[in-house]
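Student: Hi! I've got this structure open and I'd like to find my way around it. Please show me what's on the screen first.

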Amino acid sequence: MNMEVKPTPRPGILDIAAYVPGKEHAPGVARVFKLSSNESPLGPSPKAIGAFQQSAGHLEMYPDGQALALREAIADVHGLNVHNILCGNGSDELLGLLCHVYLGAGDEGIITEHGFLVYKIQIKAAGATPVVVKEKDCTVDVDAILSAVTERTKIIFLANPGNPTGTYVPASEIRRLHAGLPGNVILVLDAAYAEYVRRNDYEAGVELVSGNRNVVMTRTFSKVYGLAALRVGWAYGPTEILDALNRVRGPFNLNAPAIAAGAAAIRDQEFVGKAVEHNLVWIEKVTEALTGLGLRVTPSVANFVLMHFPDVDGKRAEEADAFLTSRGYILRAVRGYGFANSLRMTIGSAEANIGVIEALTEFMGRA
Ligand SMILES: *Cc1c(COP(=O)(O)O)cnc(C)c1O
């Protein structure tokens, strides 16, 4: 055996820091509330669970490689053309495909200071260079993005609302951003939390995609639909872009239970309404309670809040994280997103939310 020669990944691959998912365990604690991955406390629609169970009777069959039942359900509910919808194994897969198809060595992808870490990983994986621009008050800054565009820029990733900030960029600002971009730059609007937003000046991106050749909106079933385990996401985009992605994706990228459950879930908008209502009620209560404890909370339109701790010994985010974990409340440390002294909390069940507030009351009151 030749010990000198070995397989080597492409340059840059080993510089990538792997994505670290939200913590799941609180060692030694009997009852755990996982509020670290923005999962829905209501779970999926019972209709989605029914469809999933029914598909268990046909596991020997390949899934429909076009995921047509799911794409038709999405098209019906959102009033879109089914040919402009592409489904993915989570929206993560679609974000990766966009990078692999449109980026190469020497190209640049623009991301923002507190942007979702998957963007950076996929830009690097494609051999391109991530260019990070500053945000303003935890909010995406359109002018900063426009100033960073060069002739090497091929793609811009923008989560709207942002994760982990929970802030949003109004539709007029997104349009101003698009208007300032060269036609060969793809603007990706990641609207993973769109269903939760109740603001008149917000748009997920449908109109902008429909009227242009260089805008893609991505959505997910992992958040308000409560189907994170099944890995279902979708993109709405121009035919030429979806055609290119279709050529390289896995031929059966969505499994059959995921297609069935996703279609049933999106057709049950009454259930979505309940999940959104629960979130609206609790995000307000949680924000008010945390603010009352002296924590600064970034105003959020999504299903989570970003809380900032005082720079005081014993009261920092790391200590709060350990304290909460010891009580069974798992929040998300967000150091990797540029917030060294903050935690992100998913809005959970009433019991979980009250529990966190009580635990933090004790934590903040400690001598
Ligand atoms: C949760 C999340 C997603 C969804 O990813 P999936 O792969 O569909 O589970 C996408 N973008 C952002 C910003 C998210 O927070």
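**Working through the model**

Student: Which residues of helix α11 are buried?

Tutor: Helix α11 spans residues 317–326, and its buried residues are Ala317, Ala320, Asp321, Phe323, Leu324 and Thr325. Buried means under 20% relative accessible area with a 1.4 Å probe and protein chains only, exposed is over 50%, and partly exposed lies in between. Keep in mind that this is a predicted model, where local features need pLDDT of at least 70, side-chain atom pairs count only at pLDDT 80 or more, and totals for chains, interfaces and linings use all residues. Residues are numbered from 1 along each chain as its sequence is written, and side-chain values use heavy atoms, leaving out hydrogens and water.

Student: Got it. What do the buried residues of α11 pack against?

Tutor: Their partners are β13 (329–330), β14 (332–333), β15 (342–346) and α12 (350–365). The labels come from DSSP runs numbered from the N terminus: helices are H or I with at least four residues, and strands are E with at least two.

Student: And what follows α11?

Tutor: Gly328 does, and its phi is positive, near 95°.

Student: You mentioned β14 and β15. How do they pair?

Tutor: β14 and β15 run in the antiparallel sense, joined over two bridges. Two strands count as paired if DSSP finds at least two bridges between them. Across this pair, Ala333 stands opposite Leu343 in β15.

Student: Which strands make up the open sheet, and in what order?

Tutor: There are four strands, in the order β11-β12-β15-β14, with antiparallel pairing. At the edges sit β11 (296–298) and β14, each pairing on one side only.

Student: New topic. Are β3 and β4 parallel or antiparallel?

Tutor: Parallel: β3 (residues 108–112) and β4 (residues 129–133) are paired over five bridges. One place to look is Thr112, which stands opposite Val133 in β4.

Student: Nice. Which residues lie nearest the centre of the largest pocket?

Tutor: Tyr19, Ser37, Asp92, Phe116 and Lys223, out of 30 lining residues. A pocket here is an open set of points on a 1 Å grid over the protein atoms alone, with protein on both sides within 12 Å along at least five of seven lines, and lining residues have an atom within 4 Å of a point. Helix α3 (residues 91–102) gives the largest share of that lining, with three residues.

Student: Where is Lys223 found?

Tutor: Look in the loop between β9 (215–220) and β10 (233–236).

Student: Why is Lys223 called buried?

Tutor: Because its relative accessible area is 13%.

Student: What does Lys223 touch?

Tutor: Leaving aside residues up to four places away in sequence, Lys223 touches Ser37, Asn38, Ser40, Ala192, Tyr193 and Tyr196. A contact is heavy atoms within 4.5 Å.

Student: What does UniProt annotate at Lys223?

Tutor: The unreviewed entry lists "modified residue: N6-(pyridoxal phosphate)lysine" there. UniProt positions follow the numbering used here, with shortened feature names, and annotations may be inferred rather than shown by experiment.

Student: Last one: which residues does UniProt list for the domain?

Tutor: Residues 32–354, as "domain: Aminotransferase class I/classII large", again from the unreviewed entry. Over that stretch the chain is 38% helix and 18% strand, and its end C-alpha atoms are 14 Å apart.

Methods:
On a 1 Å grid over the protein atoms alone, a cavity is a set of points where a 1.4 Å probe fits but cannot get out, and a pocket is an open set with protein on both sides within 12 Å along at least five of seven lines; lining residues have an atom within 4 Å of a point.
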